[in-house]
Amino acid sequence: MKLNILLEHVDKAVNSHLLDIDVDIKGIATNSSLVRPNDIFVAIPGFRVDGHQFIDAAIQAGASVVVGEKDLKGLIVPYVRVSNSRLALAQIACQFYGNPSRNKIVIGITGTNGKTTTTYMLKYILENCGRSCSLFGTVQNVVNGKPLPSINTTPDALELQKQIALSEDEFIIMEVSSHGLSQYRVEGVEFDYCLFTNLDKEHLDYHKDMEAYFSVKASLFDQLKPNGLAIINHMDSWGKKLADLLTSKGYQVFLVGDQSYHDLQIIHLQSGISTVSFKGNPSELSLNILGKHNILNASMAFLTALLIGIPQQKVLYALEKFPGVPGRFEMLQHPNGATVVIDYAHTADAFYQCLQTAREEGANRVFHVFGFRGDRDKEKRRDMVSVSKEISDVHILTLDDLNDVPYEEMEQALYALSDGGYVISDRTIAIKEVLEHAHKGDWVCITGKGAEVYQQKFRLPTASDKETVQFLFQQIDQKTNGGFEPLH
C-alpha cells in the first residue's frame with residue numbers, strides 16, 4: 001500500500017509533506033525484531049519499554065518508514081511524527097487491512113464483570129443456529145474455528161485488525177476492556193451491537209476515579225455503526241447513567257431490567273431458572289450454571305440474539321444447553337461431597353455474586369480463598385475482604401500474580417488486610433488446607449485466577465487453580481471422607 005494512502009486517516013502528521021513520498025509499504029510492525037523489508041515501524045512508548053529506542057534496529061531490519069511521537073531528525077528513512085503512536089497504529093492498521101469490521105457483524109461487550117460469560121453465551125447461541133463466530137476475549141481468541149492465545153482481554157490494534165481481516169466468520173464477538181479503549185486498541189472498529197454489563201471498582205490505579213472509568217467505558221458506544229444498537233443492563237446504576245447519556249445523543253438503546261418498561265424484563269430472578277419477558281411474552285430462562293449474575297448475563301445475551309433475529313425458542317434452547325466458561329463459576333465435586341467453585345471474581349461485587357450463590361444453594365459452610373494482584377488497584381482490596389468476611393465462614397488470603405512486587409511485601413499486605421482471616425501465602429497450599437478441612441455440604445470458592453495459569457511457582461506441581469484442585473482430589477484418601485477438624 002502506498003504511504004500516502006496508508007496514512008490518509010492518521011491524525012495530522014507534524015511533517016506531513018513526507019506523505020507524498022512514493023513508498024510502497026509491505027507490512028506494519030511495532031517490534032523491531034519482527035520488522036521485514038519495506039515495513040512501516042511504529043514506535044510506541046510503552047509502560048516499561050519505549051519503542052523509540054529500537055528505531056535504529058528497525059531500520060537495519062529493513063523498515064522503510066518510521067512513525068513516532070518524538071522530535072527526531074537525521075534518520076536515513078522518512079520519519080512521520082504523530083501526536084499519539086497508539087492511535088496512529090490503530091488508524092494505520094485499520095487502513096492497511098481495509099476497514100475489515102465494516103464487512104462483519106461486530107458485537108462489543110464492555111463492563112467490569114460478566115463480559116466473558118456473555119460473549120461465550122452469544123457465541124454458543126449463534127453457533128447453535130448455524131452462524132459462524134470469531135471471539136476475542138480474556139480466556140482465548142477464536143478465529144475461523146481455531147483457538148488462538150489471548151494475551152490481553154482486548155488484543156492490540158495491529159493484531160485485532162489483522163485477525164478481523166483474516167476471519168471468514170459472519171460475526172465478530174469481543175470483550176472490550178477499559179484499557180483496550182483508552183489505549184486505542186479498538187480504534188477504527190465499527191460495531192453493530194454494543195453491550196454494557198455493569199461497573200464496579202476496578203482499575204482505579206489506571207483511571208483514577210469511577211467517573212473517568214465510566215467515561216472510557218461509555219466511549220465504546222461512539223463506535224456504533226449508524227444503525228447500531230446499544231444493549232444496557234439498566235439494573236446497574238452506571239447502566240442507568242449510560243442509557244440516559246446515549247438516549248440524549250440519539251442512539252437506539254435497549255434495556256435489560258426488572259421493570260415493565262424494560263425491553264427485556266426479568267420478572268423473576270432466581271439462580272438457575274428465571275422468568276423473563278420480551279414484548280409482553282413471558283418465557284422460562286433456564287441455565288445449567290448457577291448464580292443470579294449468570295441469569296443477568298444470559299438476559300443480555302438473550303436480548304441481543306433476539307435483536308439479531310434469532311428465534312426466541314432457539315435462543316432459550318441454546319442457553320439451557322450452555323456448558324459454561326472455563327474458570328467462570330466452574331464447579332468441581334470434592335470426593336467427600338463438598339462443592340468447589342473456581343471463579344475469576346476479582347472485585348467486591350463479583351465476590352458477592354460468587355459467595356452469595358453458594359449461600360443460596362444451601363452451603364453448610366463457605367470457605368473462600370483469594371488474593372490480590374501485585375502492583376494493581378489497591379483501593380478495591382479492603383472492600384473485597386469486607387464482602388468475603390461478611391458472607392463466608394472462613395476467608396483465606398493467599399498470593400495472586402505478584403507482577404514484580406516482592407514476595408515479602410505482598411505477604412505483609414495480606415496480613416495487614418486479613419481482618420480475622422487466615423494468610424497462607426503459597427496458593428497451592430492454601431487450596432490444599434481448605435480442601436482437607438471441607439466437609440460434605442460445604443462450599444469452597446477459589447477466586448481471582450479462573451482459568452489463568454500461575455505466573456510464579458508454588459509448592460505443588462500444578463499450573464492453575466483447577467489443576468491444583470484436581471491434583472489434590474487424587475491425593476485425598478477416600479477413607480477419611482473429609483474427617484479433618486475445622487480450621488481454628
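Which residues of helix H11 (residues 312–321) are buried?

Tutor: Val-315, Leu-316, Ala-318 and Leu-319 are the buried ones in H11. They span an arc of only 165° around the axis, which puts them on the same side of the helix. Buried means under 20% relative accessible area, exposed is over 50%, and partly exposed is in between (1.4 Å probe, protein chains only). The arc is taken from the directions that run from the helix axis to the C-beta atoms. An α-helix has 3.6 residues a turn, so residues three or four places apart point the same way.

Before going on, a word on the model: it is predicted, so local features need a pLDDT of at least 70 and side-chain atom pairs count only at 80 or more, while totals for chains, interfaces and linings use all residues. Numbering starts from 1 along each chain as its sequence is written, and side-chain values use heavy atoms, with hydrogens and water left out. Helices (H or I, at least four residues) and strands (E, at least two) are DSSP runs numbered from the N terminus. As for confidence, pLDDT (the predictor's confidence in each residue, from 0 to 100) averages 92 over the protein, and 94% of the residues score at least 70. Over residues 482–488 it stays under 50, and the model has 15 contacts beyond four places in sequence for that stretch.

Back to H11. Its buried residues pack against helix H4 (115–128), strand S15 (281–286) and H10, where contact means heavy atoms within 4.5 Å. H10 covers residues 292–308 and includes Asn-297. That asparagine counts as buried, at 7% relative accessibility. Apart from neighbours within four places in sequence, Asn-297 is in contact with Gly-114, Thr-117, Thr-118 and Met-121.

Now for the nonpolar cores. A nonpolar core is a set of buried Ala, Val, Leu, Ile, Met, Phe, Trp, Tyr and Cys residues joined through side-chain atoms within 4.5 Å. The largest one has 51 residues, and those touching the most other members include Val-340, Phe-372 and Leu-435. Helix H12 (residues 348–360) gives the most to this core, with six residues. There is also a second, separate core of 41 residues, with Leu-122, Leu-135, Ile-266 and Leu-303 among them.

Not counting residues up to four places away in sequence, Val-340 touches Leu-435, Val-444 and Phe-473, among others.

S17 has strand neighbours too. Two strands pair if DSSP finds at least two bridges between them. Strand S16 (residues 330–333) runs antiparallel to S17, with four bridges joining them, and Met-331 has Val-341 as its bridge partner. The two strands form a hairpin with five residues between them, and Gly-337 in the turn has a positive phi of about 105°. With strand S21 (residues 443–447), S17 pairs in the parallel sense over five bridges; there, Thr-339 stands opposite Trp-443.

One last stop is an open sheet of four strands, ordered S1-S2-S3-S4 with parallel pairing. S1 (27–29) and S4 (79–81) stand at the edges with a single partner strand each, so one side of each has no neighbour in the sheet. The twist averages 20° from one strand to the next. Three bridges join S2 (residues 39–42) to S3 (residues 65–68), with Phe-41 partnered by Val-66. Helix H3 (residues 85–96) packs on the sheet, touching S1, S2 and S3, and its direction makes about 155° with that of S1. Axes are lines fitted to C-alpha atoms, for helices over the stretch in contact, with angles from 0 to 180 degrees between N-to-C directions.
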